[in-house]
Amino acid sequence: MNKGFETNVVRIRRKVFVEIARVAYESKNLVSDIEAIPYKITPSEIPRYRESVYRERAIASERVRLALGMSLNPQDRPSHITNGLESSNISDKYYEPPLMQVIPSACAKCEENMYAVTDMCRACVARYCINVCPKDAVTVGKDGRAEIIQDKCIKCGKCKASCPYEAIIHKIRPCAEACGVRAIRNDSLGRAEINTDICVACGQCMISCPFGAIADKSQIYQLIQAIKKGDEVVAEVAPAIIGQFGPNVSLWKINAALKELGFKEVFEVAQGADVGAATEAHHYATEVATGELPFLLTSCCPSWSMLAKTQFPETIDKISNALTPMVATARSIKQKMPNARVVFIGPCAAKKLEAMRRTVRSDVDFVITFEELAAIFEARGIDLSKFDKEEPIHDASGAGRGYGVAGGVASAIEGCIREYYPDVEVKIEHAEGLADCKKVLLLAKAGKKNGCLIEGMACPGGCVAGAGVNIPVEKGASEVKKFVNDSTKKLPEKDLYEIKLP
């Protein structure tokens, strides 16, 4: 899993992004430079991770296409990396679905879901596994060890739970296990495939695949083209950015480094979170506390909102109509700077999906992750651990900055309610991880969460656990909490909910 740890999968992803960024900045022969990238990813004729160097380069080629914002080449019609490049070689290209894609040549065809007996089996006398099986699917093999008849097995797991030697294992696809909405299925050849009808683009499958077989599209190339062209490119940075580029890299230093890259201005997305916290506090006090609404769902996590809308349509009118922090901040930027091209920089793959929506396209022009931004810094030779410039930025309160961790959204809204509506009793629920989000939505649907403000986060740990982070979740959470505690302003103003953004 990525989760901020430096694995070979992460290194390969980073290398692809760095090479794409270099091409975007420096290329004088675009097609040949792009076609050469797989050879830079795998320079040796001796394969490192696969059975052949040709397979490694074929996989790298597909990664390059996704990093350019294109879809994979059809498997039955393999072609050059740059096939169709003209449609992506523009600075105003939006993301196009599907966002998350399985690279077929990289998929290891992991077992979808099965129990198996390992060599740890001691052929014991008790035969617990045989006794507990409700379908007589466990039998004694020729060597006296247990065997599981797969055609009879119903995957209940009782045999595994009963074995005193832990000799029975549950084989399951890592990507499928990580998917809280069960969007991973088999294709006709037994490889993983994403059901795009129910996928909410959280990216947990991508960072859980140990083979690097799942990747998302990027706008890194198009963003750099816009900067080079001289567009008025403005960054809005998510609260989870604190700590993502090193323990001593402050927001002020990141601000200065982004200006060095060519961004005209930099704003905190936490200012949009402040508007959201004040707005949702007002909604809770005037609608939920009065009984007009049974409960209120937060709106800031796009995967959570999509889960609620698609699988629990009866909750649609209970989802807060407050703009997400990304959109609220972008609209405020475009009010001040009408010609700005806004870039959301965050930890989240699902924000790419949110930016594809027709109602958001005019607000947010690009979405890149911290991982992708790190590659741009590397391509430009900017080492933030040695970068000595700083530029102050004070856009938000501690409450808005706390949106980056699980529970932070609910905490910010609760703080606003207690401060500005002291007579209102508030009940808070929060769920993290899509499986738990589904459970709390089921309870809300059944009337078990009436009177509650419910925060949902698709990623376990919150935004600091998103698919595009650079550091481990625990470290990211610690850095954000410290940033919140050090904020001079603790809460947004009450009247922020009255701000009307077009």
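This is a predicted model: local features need pLDDT of at least 70, side-chain atom pairs count only at pLDDT 80 or more; totals for chains, interfaces and linings use all residues.
**Exercise 1. Enclosed space**

Determine how many cavities of 30 Å³ or more the structure holds, and describe the lining of the largest cavity.

Solution. Rolling a probe the size of a water molecule over the atoms shows where empty space is left. Turning to secondary structure, at least two lining residues come from each of α12 (302-311), α13 (325-336) and α14 (350-355). Sorting the lining of the largest cavity by class gives 19 nonpolar, 4 polar and 1 charged residues.

**Exercise 2. The second largest cavity**

Find the volume of the second largest cavity, and state which residues are closest to its centre.

Solution. The volume of the second largest cavity comes to about 130 Å³. Its lining consists of 15 residues, among which Cys121, Cys124, Cys129, Ala146 and Cys163 are the closest to the centre. By class, the lining of the second largest cavity is made up of 12 nonpolar, 1 polar and 2 charged residues.

**Exercise 3. The faces of helix α19**

Work out how the buried residues of α19 are arranged around the helix axis, and name the elements against which they pack.

Solution. Begin with the length: α19 (residues 473-486) contains 14 residues and spans 20 Å from its first C-alpha to its last, close to the 20 Å expected at 1.5 Å a residue. Next, collect the residues with under 20% relative accessible area, which in α19 are Val473, Gly476, Ala477, Glu479, Val480 and Phe483. Viewed down the axis of α19, these buried residues fall within an arc of 165°, and therefore they line one face of the helix. Finally, the packing partners of the buried residues of α19 are α10 (251-261), β10 (265-268) and α16 (398-401).

**Exercise 4. A loop residue and its surroundings**

Decide whether Gln219 is buried or exposed, and list the residues that Gln219 touches.

Solution. Gln219 sits in the loop between β8 (214-216) and α9 (220-229). The relative accessible area of Gln219 is 2%, so this residue is buried. Once residues up to four places away in sequence are set aside, Gln219 touches Lys93, Tyr94, Tyr95, Asp365, Phe366 and Val367.

**Exercise 5. Backbone geometry in loops**

Identify the geometry of the peptide bond from Pro97 to Pro98, then examine phi at Arg127 and at Arg182.

Solution. As a reference, most residues other than glycine have a negative phi, and most peptide bonds are trans. The bond from Pro97 to Pro98 is cis, with omega near 0°, and Pro98 belongs to the loop between α4 (53-67) and β1 (100-102). Arg127, although not a glycine, has a positive phi of about 55°; this residue lies in the loop between β2 (113-117) and α5 (128-132) and, at 21% relative accessibility, counts as partly exposed. Arg182 likewise has a positive phi of about 55° without being a glycine, and its place is the loop between α7 (174-178) and β6 (184-186). With a relative accessible area of 72%, Arg182 is exposed.

Note on methods: Residues are numbered from 1 along each chain as its sequence is written. Side-chain values use heavy atoms; hydrogens and water are left out. On a 1 Å grid over the protein atoms alone, a cavity is a set of points where a 1.4 Å probe fits but cannot get out, and a pocket is an open set with protein on both sides within 12 Å along at least five of seven lines; lining residues have an atom within 4 Å of a point. Grid points are joined across faces, edges and corners, and a volume is the space filled by probe spheres set on the points. Helices (H or I, at least four residues) and strands (E, at least two) are DSSP runs, numbered from the N terminus. Ala, Val, Leu, Ile, Met, Phe, Trp, Tyr, Cys and Pro count as nonpolar, Asp, Glu, Lys and Arg as charged, and the others, Gly among them, as polar. The expected span of a helix is 1.5 Å times one less than its number of residues. Buried means under 20% relative accessible area, exposed over 50%, partly exposed in between (1.4 Å probe, protein chains only). The arc is that of the directions from the helix axis to the C-beta atoms. Contact means heavy atoms within 4.5 Å.
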